[in-house]
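Visitor: Hi, I have a structure open and would like to talk it through. Could you walk me around it?

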Amino acid sequence: FNYAFLTVGVGLLSARIMYVLFHFKIGYLNPLVFFYVTHYSGLSLVGGVLGSVLFLLLYLSFKRVPVERIMDIFALSFLSSLPIGFLSNFFATKNIIYLSLVAPLLYIIIFIFYFKMYIHRNALKEGSLSLIVLVTFSLVTFLDHLFRATERVFLFLRMEDFLLIGLLIVVLFLLFQRESFLTIIGKKSLK
């Protein structure tokens with residue numbers, strides 16, 4: 001239970017650090033401005049996820065607890081909370097874009113599918129579900145950025161998109177190293 005609170009704290013801090021790095025202004029060097037998020041708003045979802053995952057991996061390894069099982073539980077919890085965040089952002093913005101409703105609905109459908117997969121987890125190894133959730137997060141967030149992005153840095157990509165592509169490549173490599181392709185797509189292994 002303590003892991004969750006520590007992970008949320010580190011996630012918020014890393015989300016703010018990534019936002020400041022990607023949208024740098026000289027005023028952010030002032031610690032009061034950096035931590036005054038309500039007036040100088042901005043958090044990076046990708047930065048929060050990366051910081052939380054790295055912290056959780058390091059902390060759980062240090063505490064010598066079953067990392068894979070806890071990562072699966074945290075991944076499903078994260079996936080279930082994403083629609084709430086997207087919907088609150090949709091209702092909080094003055095400029096309502098109906099494309100913003102696609103991502104939360106997609107995350108709800110994906111959560112239901114992955115929750116069923118978690119309940120009947122005899123086909124996947126522990127820890128694989130968290131990798132699949134990270135792949136899904138990377139893909140859906142990247143596509144969401146492509147359709148709604150206004151700040152383009154290089155070609156059609158933002159700085160966060162490069163992190164998403166890197167995360168996707170690393171997680172896919174780890175997933176295919178851990179599981180066979182047929183197991184991931186839901187067919188029985190040929191072994």
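This is a predicted model: local features need pLDDT of at least 70, side-chain atom pairs count only at pLDDT 80 or more; totals for chains, interfaces and linings use all residues.

Visitor: Good to know. How many helices and strands does the chain have?

Guide: The chain has eight helices and zero strands. Along the sequence the pattern reads α-α-α-α-α-α-α-α.

Visitor: And what share of the residues is buried?

Guide: Of the 191 residues in the chain, 37% are buried. The chain exposes about 12,200 Å², and carbon and sulfur atoms supply 72% of that area.

Visitor: What about contacts between residues 24 or more positions apart?

Guide: Taking the contacts with a separation of 6 or more, residues 24 or more positions apart account for 64% of them.

Visitor: How many of the lining residues are nonpolar, polar or charged?

Guide: The lining of the second largest pocket has 12 nonpolar residues, along with two polar and two charged ones.

Visitor: OK, on to the largest nonpolar core. Which members touch the most others?

Guide: This core holds 29 residues, and L79, L82, Y107, Y114, F137 and V171 touch the most other members. The helices α3, α4, α5 (102-119), α6 and α7 each supply at least two residues of the core. Its largest share, nine residues, comes from α6.

Visitor: Let me zoom in on L79. What does it touch?

Guide: Leaving out residues up to four places away in sequence, L79 touches Y107, I110, F111, Y114 and V133.

Visitor: Now some single residues. Where is D72, and is it buried or exposed?

Guide: D72 lies in helix α4. Its relative accessibility is 3%, below the 20% cut-off, so D72 counts as buried.

Visitor: Which residues does D72 touch?

Guide: Not counting residues up to four places away in sequence, D72 touches Y118, E126, G127, S128, L129 and S130.

Visitor: And R64, where is that?

Guide: R64 is found in the loop between α3 and α4. R64 has a positive phi of about 55° although it is not a glycine.

Visitor: Why does R64 count as exposed?

Guide: R64 counts as exposed because its relative accessibility is 77%, and the cut-off for exposed is over 50%.

Visitor: Last one: where does I108 sit?

Guide: I108 lies in helix α5.

Visitor: Why is I108 called partly exposed?

Guide: I108 has a relative accessible area of 35%. Partly exposed covers values between the buried limit of 20% and the exposed limit of 50%, so I108 is partly exposed.

Visitor: How far apart are the C-alpha atoms of I108 and S81?

Guide: The C-alpha atoms of I108 and S81 are separated by 9.3 Å, and the two residues are 27 residues apart along the chain.

Visitor: Great, thanks for the tour!

Technical notes
Residues are numbered from 1 along each chain as its sequence is written. Side-chain values use heavy atoms; hydrogens and water are left out. Helices (H or I, at least four residues) and strands (E, at least two) are DSSP runs, numbered from the N terminus. Buried means under 20% relative accessible area, exposed over 50%, partly exposed in between (1.4 Å probe, protein chains only). Contact means heavy atoms within 4.5 Å. Accessible areas come from the Shrake-Rupley method with a 1.4 Å probe; for residues, only the protein chains shown count as cover. Ala, Val, Leu, Ile, Met, Phe, Trp, Tyr, Cys and Pro count as nonpolar, Asp, Glu, Lys and Arg as charged, and the others, Gly among them, as polar. A nonpolar core is a set of buried Ala, Val, Leu, Ile, Met, Phe, Trp, Tyr and Cys residues joined through side-chain atoms within 4.5 Å.
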